[in-house]
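Let's take a walk through this one together, from the charged pairs to the nonpolar cores. Have the chains in view before you read on.

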There are 6 protein chains.
Amino acid sequence: MSEPSQVPPLSRFPVPDLEELPTDLAERIAEVADKSGFVPNIFRALAWRPVEWRAFFAYHDALMDKESPALSKADRELIVVVTSAANDCLYCVVAHGAIVRIRARDPLLADQVAVDWRKAPLTAAQRVMLEVALLLTVDPVAVGDEHFAVLAEAGFSQEDIWDIGSISALFALSNRLAHWAAVPPNDEFYLLGRVARE
Amino acid sequence: MSEPSQVPPLSRFPVPDLEELPTDLAERIAEVADKSGFVPNIFRALAWRPVEWRAFFAYHDALMDKESPALSKADRELIVVVTSAANDCLYCVVAHGAIVRIRARDPLLADQVAVDWRKAPLTAAQRVMLEVALLLTVDPVAVGDEHFAVLAEAGFSQEDIWDIGSISALFALSNRLAHWAAVPPNDEFYLLGRVARE
Amino acid sequence: MSEPSQVPPLSRFPVPDLEELPTDLAERIAEVADKSGFVPNIFRALAWRPVEWRAFFAYHDALMDKESPALSKADRELIVVVTSAANDCLYCVVAHGAIVRIRARDPLLADQVAVDWRKAPLTAAQRVMLEVALLLTVDPVAVGDEHFAVLAEAGFSQEDIWDIGSISALFALSNRLAHWAAVPPNDEFYLLGRVARE
Amino acid sequence: MSEPSQVPPLSRFPVPDLEELPTDLAERIAEVADKSGFVPNIFRALAWRPVEWRAFFAYHDALMDKESPALSKADRELIVVVTSAANDCLYCVVAHGAIVRIRARDPLLADQVAVDWRKAPLTAAQRVMLEVALLLTVDPVAVGDEHFAVLAEAGFSQEDIWDIGSISALFALSNRLAHWAAVPPNDEFYLLGRVARE
Amino acid sequence: MSEPSQVPPLSRFPVPDLEELPTDLAERIAEVADKSGFVPNIFRALAWRPVEWRAFFAYHDALMDKESPALSKADRELIVVVTSAANDCLYCVVAHGAIVRIRARDPLLADQVAVDWRKAPLTAAQRVMLEVALLLTVDPVAVGDEHFAVLAEAGFSQEDIWDIGSISALFALSNRLAHWAAVPPNDEFYLLGRVARE
Amino acid sequence: MSEPSQVPPLSRFPVPDLEELPTDLAERIAEVADKSGFVPNIFRALAWRPVEWRAFFAYHDALMDKESPALSKADRELIVVVTSAANDCLYCVVAHGAIVRIRARDPLLADQVAVDWRKAPLTAAQRVMLEVALLLTVDPVAVGDEHFAVLAEAGFSQEDIWDIGSISALFALSNRLAHWAAVPPNDEFYLLGRVARE
């Protein structure tokens with residue numbers, strides 16, 4: 001698995017070289033690479049369509065780079081892992097699983113929620129959050145006023161509730177793009193956050 | 001059903017007045033209103049989150065306001081109607097059904113594909129397009145290389161194929177937003193394109 | 001779509017000319033044509049089997065041409081539209097959707113319940129009626145005594161409850177006949193009841 | 001199980017006494033009782049609605065009391081058992097299972113097809129017949145022209161093919177009536193045809 | 001069906017002659033044959049793998065040859081019939097259906113629960129037992145603490161509850177072995193326990 | 001997550017101390033602990049039922065501690081991971097995922113097949129093996145002679161084919177036991193085989 005010839009392609013579609021990219025894409029990617037030490041494949045796989053790339057990451061950042069008292073960044077990532085697992089999306093489960101490990105400072109939680117979130121060590125509010133977000137993922141017409149009441153009772157604000165649904169919705173898009181283009185997660189993601197932060 | 005007090009709300013979330021909106025949103029909405037004669041509810045229901053609003057419509061326009069020899073604007077709308085029907089999304093079925101009627105100059109086709117696209121009067125290429133787009137909607141992990149081969153054989157270019165999958169993916173997001181916020185279609189959409197263009 | 005050569009066939013099976021039909025069929029069909037202005041395709045598509053035709057329409061009329069204080073003719077048609085939509089039956093959704101528009105004097109309700117009855121503007125009793133009728137359509141073994149209790153509490157008499165289940169059951173038959181023979185709705189149905197009764 | 005007080009009710013709805021029935025119903029029921037030695041419960045459970053009763057049995061007889069070179073009476077009953085098993089309908093599985101045993105002169109076949117028709121000892125034509133009839137039962141929109149081609153290749157005439165689909169469709173109705181009214185099979189049916197015709 | 005040439009094979013895999021078997025297998029099989037009058041096919045179909053045979057029957061006997069005040073041998077067999085019916089396993093439905101008839105001294109109950117256990121004449125505790133055992137069969141991740149509470153309230157001990165789940169789990173294995181090897185039930189099972197024990 | 005009070009229980013049922021166990025169980029467990037450095041939780045969670053424990057591990061070892069030219073130990077573990085992922089069984093996905101990493105000397109493969117085996121880097125024979133094993137897991141009645149033909153063509157012997165189905169079947173049992181008792185994987189499993197064997 002370590003020889004160059006066996007490296008799987010990044011996408012079923014063309015992947016531009018980094019130096020060919022429009023400046024704003026190149027800058028954002030350089031910033032991510034600085035922080036992570038590598039360029040996550042999804043940044044490169046979507047880049048042949050710069051307008052869509054910009055829209056996707058603008059939407060992503062508006063929902064994910066954000067915290068509120070009831071809905072932390074780690075919670076947002078949990079929604080991504082659970083809904084992406086329901087869609088069998090390897091890229092999102094592995095990449096956002098790594099972020100869960102880092103943000104929740106828990107090396108096990110991402111795998112636990114990806115396979116069986118119902119038995120995972122979560123707060124009652126997190127359970128409600130995941131249950132309703134997942135319902136929107138798998139059976140969107142079944143979401144009703146009763147679910148909004150349950151979320152509010154669990155302590156989520158109106159802004160939080162919007163975010164919970166929107167993250168589920170955004171990754172319904174994201175999971176399908178990753179499946180369509182067959183984008184694999186970078187090897188680095190698999191191990192991130194598993195060993196004590198030295 | 002026609003009395004003001006019975007008008008259903010536009011959203012489960014706050015809906016800003018048009019005059020409160022940021023200039024770019026207000027301008028785009030005015031433009032749409034000029035063209036259609038009314039403001040489609042989705043433009044108003046997403047507007048309390050301007051960053052997401054901009055990302056959503058930028059993404060939408062990049063995929064929908066576009067034509068290629070094999071993938072017309074009407075074809076793109078057919079994908080929206082069929083995948084949105086699979087998600088039971090009234091807003092998208094009714095609003096994009098109206099656009100299908102107008103763009104395909106066919107008063108019946110939208111209803112036909114929304115309920116049973118397999119028996120609808122479509123070309124062979126349209127059938128392949130809808131079958132694969134719908135598979136990505138309902139069972140994304142099942143999409144495999146064989147489906148890309150079938151799309152290419154049906155005459156779709158690589159750019160077209162990206163668009164077909166991306167439209168399915170974008171409306172996986174859009175359908176879930178409309179369900180989450182419970183956005184109803186404007187009454188005007190139901191009748192648009194049904195009667196001969198006089 | 002308007003040229004004779006493109007008219008889709010009425011059925012996968014033989015369709016007798018109207019003048020060849022047994023007198024009782026011909027008379028009933030003439031009566032319907034007088035009232036509607038056209039002969040609904042299902043009347044012609046089933047006619048090559050007169051015994052079955054008679055049984056089908058006798059059953060249909062016994063359940064649909066009837067009203068009670070709690071179960072109007074429009075309510076009965078709503079059951080048809082919702083259960084037929086679950087079975088993706090274009091003929092029944094379009095033809096009975098037209099009847100809903102006319103009987104409920106509402107140009108939008110049929111489309112609303114066909115796509116997402118749960119968010120449609122219905123009474124509480126109508127919701128219970130549709131929920132249980134739909135359960136019988138999609139998962140008949142799951143119907144239990146508790147559903148009968150809920151229907152009774154919603155104000156339905158024993159006769160009404162029989163009718164609710166029987167309409168769901170009859171259209172389980174009807175939807176399958178229409179799919180089997182591939183009977184399209186008449187073009188006229190699509191527009192009926194959409195524009196103000198002038 | 002043998003004490004009167006434990007006899008389960010014949011229906012969730014009123015069951016008229018035999019002597020109260022309209023003459024035509026009473027006569028037909030007497031004829032069946034003469035032949036079978038008992039009155040099958042479904043004849044009594046539907047009898048409080050004589051018009052529907054007449055339609056149901058007229059439809060039933062038109063499809064089931066009939067034979068063609070490729071579609072015997074036993075074959076028709078096999079369709080009933082297999083599709084009713086898919087709907088978990090005890091009445092139809094047990095009552096028509098008894099008829100299969102008698103008509104096919106095989107004490108095992110009914111149980112075999114009710115649980116797993118794919119491994120049952122059937123002819124190739126019977127397999128095709130059951131596969132397509134069952135598809136119409138469980139996923140009616142999926143029936144396409146290709147299934148009609150397969151049925152024709154297996155030797156079924158156009159009349160036979162109509163009957164195959166219509167039997168599946170009629171028992172979609174019948175199974176739902178039996179579930180709705182909770183009609184149990186008569187005890188006699190369970191043993192009929194299991195022991196050698198002495 | 002009675003001619004030797006039509007006897008279906010006992011398995012898709014090799015079936016050793018009884019005289020070739022290891023002594024412990026041969027003895028246990030002789031014992032069963034003495035008691036039943038025939039050798040159930042599953043004993044022969046698994047015998048080409050003696051280690052697995054021993055493990056399977058040891059597990060089986062530990063769970064099935066056992067009684068407690070709340071969980072009789074007949075109850076255990078009911079779990080087998082209901083969960084095996086959900087898996088469409090003819091061998092287990094027919095063979096264990098025969099045992100239900102004998103142990104419950106009821107000629108009808110096995111068929112009733114195999115097709116529609118919800119309407120069968122069962123105690124409240126039996127209903128809870130079947131509902132939770134079946135949930136473990138068809139959707140194991142959905143079993144939660146609430147189901148254990150319901151079982152305990154219905155009077156089942158901790159040991160009983162373990163047995164209920166383990167029987168469901170063991171027949172998840174058993175049903176799959178029978179499907180994999182295509183093992184048919186012996187003809188004798190179909191009639192066992194149907195006629196009064198004379 | 002690291003404080004003693006937060007250690008989740010090993011089971012919903014009693015867990016005997018190691019020193020209380022029958023000698024044969026204690027010896028086998030000591031052997032595993034020597035080799036792995038810890039006692040896998042499933043060995044302790046099943047131990048309150050020694051007869052079932054012995055049967056389970058005898059069955060397990062007969063199928064898993066074995067190799068043939070076409071079906072390696074790593075291949076057998078791949079079947080476990082893929083079928084257990086379909087059953088959402090955290091214990092089996094994590095514990096057997098660790099064994100896959102070790103036996104296949106690949107730190108990524110287990111996660112790849114657990115989430116989306118279809119896009120994982122596998123041989124053609126492994127794909128066939130997983131596809132048929134998974135079909136037996138999720139829809140056992142659908143396995144037919146054609147699947148045996150495909151397995152044989154892929155190079156699997158009759159013995160291998162038995163093993164492929166039996167492993168799927170055994171973990172249908174194992175997954176359900178782990179869900180029933182709510183047995184968590186040991187923390188050690190999550191990291192095993194992820195970092196280079198130094």
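A salt bridge here is a side-chain nitrogen of Lys or Arg within 4 Å of a carboxyl oxygen of Asp or Glu. Bear in mind that this is a predicted model, where local features need pLDDT of at least 70, side-chain atom pairs count only at pLDDT 80 or more, and totals for chains, interfaces and linings use all residues. Residues are numbered from 1 along each chain as its sequence is written, chains are lettered from A and ligands numbered from 1 in the order in which they are written, and side-chain values use heavy atoms, leaving out hydrogens and water.

Now to the pairs. F:Arg12 forms a salt bridge with E:Asp145, with 3.0 Å between the closest N and O atoms. That pair crosses between chains, from the segment before helix 1 (23–36) of chain F to helix 8 (residues 145–153) of chain E; helices are DSSP runs of H or I, at least four residues, numbered from the N terminus. F:Arg12 counts as partly exposed at 23% relative accessibility, while E:Asp145, at 54%, is exposed. (Buried means under 20% relative accessible area, exposed over 50%, partly exposed in between, with a 1.4 Å probe and protein chains only.)

Chains C and D have a pair of their own: C:Asp145 and D:Arg12 meet in a salt bridge at 3.0 Å, N to O. And D:Arg194 bridges to E:Asp111, with the closest N and O atoms 4.0 Å apart. Here D:Arg194 sits in the segment after helix 10 (187–191) of chain D and E:Asp111 in helix 6 (residues 109–116) of chain E, so the pair joins two chains. Both D:Arg194 and E:Asp111 are buried.

What about chain C against chain B? Each chain gives 20 residues to the contact, which means heavy atoms within 4.5 Å. The rule finds one salt bridge across this interface, and the side chains of B:Arg194 and C:Asp111 meet in a salt bridge at 4.0 Å, N to O. On the side of chain C that touches chain B, helix 5 (90–103), helix 6 (109–116) and helix 10 (187–191) of chain C each give two or more residues, and helix 6 has the largest share, four residues.

Finally, the inside. The largest nonpolar core has 144 residues, and A:Trp180 and B:Trp180 have the most contacts within it. (Such a core is a set of buried Ala, Val, Leu, Ile, Met, Phe, Trp, Tyr and Cys residues joined through side-chain atoms within 4.5 Å.) Beyond its neighbours within four places in sequence, B:Trp180 touches residues including A:Val132, A:Phe148, A:Trp162 and B:Phe13.
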